[in-house]
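Student: I've got a protein model open and I'd like to walk through it with you. Can we start with the strands and then move on to the helices?

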Amino acid sequence: MTVAYGQPFLGRILCDKFALAPSKLEEALTTQGEKGGLLGELLVKQRLIREEDLLQALSIQLDLPWMPHLESKMVDPTLIQKIPIGFARRYRMLPVYQEDDHVLVAMTDPLETAALDDFRLLLGHDVKPALTTPTALVTCLNQVYDQAATGTAEQVIEGLSSDNDLDRLANELNEPQDLLDATDEAPVIRLVNSLLFQAVKQRASDIHFESYEKGLVVRYRIDGVLYPVLSPPKRLQASILARLKIMAGLNIAEKRLPQDGRFGIRTAGKDVDLRVSVLPTSHGERVVLRLLEKENRLLNLSDIGISSQWLSVMRQLIQLSHGIILVTGPTGSGKTTTLYAALSQINAPDKNIITVEDPVEYQLQGISQMQVNPKIQVTFASGLRSILRQDPDVIMIGEIRDLETAEIAIHASLTGHLVFSTLHTNDAAGAVTRLIDMGIEPFLIASSVVAIVAQRLVRQVCSACRKPYDPTDEELIRLGLRDAGERPKLYRGMGCTVCTQTGYRGRSGIYEFLLVDDEIRRLIVAKTDSSVIQEAALKKGMSTLKQEGVGRVLQGLTTTEEVIRITQQQVVT
């Protein structure tokens, strides 16, 4: 901050209104006299006051409006169109609204006079500064420019011509930049940028570009479900796909072989990595993009949906010194997120944690992560052998896919390592059968595996538009609640702009915990059927995925249809 403060007056304000001790002020003034600098910055650096307190004191000193709760709905969108986003970000200034003969401009440095003069010229009005916090300003700035971004995919399609130079335009590659800053007028480039921007805005995890006989279909996967977004004409197919391949650094001339690549973008201040998969089909190539936000906050175990009953059990399991903890479920059921949450919980300077993954989706600070690369013979098995020579305390294996990997994992657990891994099975008990089918001896499974956790992700009812309703008798039967006594009140989303008219927003996990105790070990050694193992676990208090899902329905967090869709069975008693 470059504000030249009226220091004594500012100091008095901080003492009178923000509980700064006079003795601490005197110390700061002495330090300032010896080393120079600005009083406010010295006090913030010494943690004697918060930056927010300093800004509020400045607003009092300079008689400026104080706007700590700056929100996008306060901002006049017509003003945003006059100020480039790069300029607003550089100077941390945002026009809010016009009153009388001037425009109120939110900022974090009221004496940034050169920028205020530029704002005055761009807006065509006098400006009056108002102070806000850097966090509030940056958040609001990204939101309003996000909302004001013009040129949706549909609008770009309408403006596309049928000129023969679309292939040339699709190959014009610019340096990665924030998509909200993009001013490139090339039609195909604007179309692809718009599709990527909308995908991030709508929280899509994947974008599908599917080639068919009569054209291209674009679909977003949001909360695990695919939604059609756009159907560009067939004549644009080659140009759009070529543009995507160029962005990912792939060979645009090769259309017969599958290809994989990746690239990064920025949109609304977010850094997003995109993994690209290209597959030849009978009507042209099919491209799927997986979106991974770099800033995506790693969830804690308490945030991913584990019920309080099992949360304490999970926390005890991950503190064990040895054994295997398996997380099972189909692709896209959140297994890796659960493992990351567990590793984050136990990550500490006194533990050596190493992972081998395919691919490494998110970087975990303080944890060594190894990427599988079959092209150079780096497989799960070979990587795991190398990891064991690195003196690890905890090992995470992205997936147990074959006998060799399973044998090394079991050996690691039996020699004093805690091992986390995943399997593709429908339920927890089925993991035992899967390992036996791979060729693992039952007694090794019984002596190494300490717990198996099956999981699914269910969509959550949108909190902005959810409404209660009385379930029908048929619905209660499907939930297994026909003898539940008093008829419960359930909830469903009606559809709104927040949830893109789907009635759902976000997902949460449902979990099935199978703890391997002495009785379960005896059943495993005897090669007992998985249904018998499950029955024994249920008697000991295990809740099935279906039962956990019904509990979420009764809490109003999800719907009957969603639970039945995810568990793929009706709950009938």
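Student: In β18, which residue is the bridge partner of Q455?

Tutor: This is a predicted model, where local features need pLDDT of at least 70, side-chain atom pairs count only at pLDDT 80 or more, and totals for chains, interfaces and linings use all residues. Numbering starts from 1 along each chain as its sequence is written, and side-chain values use heavy atoms, with hydrogens and water left out. Strands here are DSSP runs of E, at least two residues, numbered from the N terminus. Ten bridges join β15 (residues 449–461) to β18, running antiparallel, and strands pair if DSSP finds at least two bridges between them. Q455 has as its partner in β18 Y511.

Student: How many of the twelve residues of β18 are buried?

Tutor: Buried means under 20% relative accessible area, with a 1.4 Å probe and protein chains only. Strand β18 covers residues 504–515 and is largely enclosed by the rest of the structure, because the buried ones number nine.

Student: At what angle do helices α20 and α21 pack?

Tutor: Helices are DSSP runs of H or I, at least four residues; these two are α20 (residues 518–525) and α21 (residues 530–539), with axes 10 Å apart. Axes are lines fitted to C-alpha atoms over the stretch in contact, and angles run from 0 to 180 degrees between N-to-C directions. The angle between α20 and α21 is about 175°. That makes them roughly antiparallel (over 145 degrees).

Student: Which residues of α21 do E519, I520, L523 and I524 meet?

Tutor: Contact means heavy atoms within 4.5 Å. Those α20 residues meet V532, I533, A536 and A537.

Key
Parallel < 35°, antiparallel > 145°, perpendicular 65-115°, else oblique. Buried < 20%, exposed > 50% of the residue type's maximum accessible area, 1.4 Å probe, protein only.
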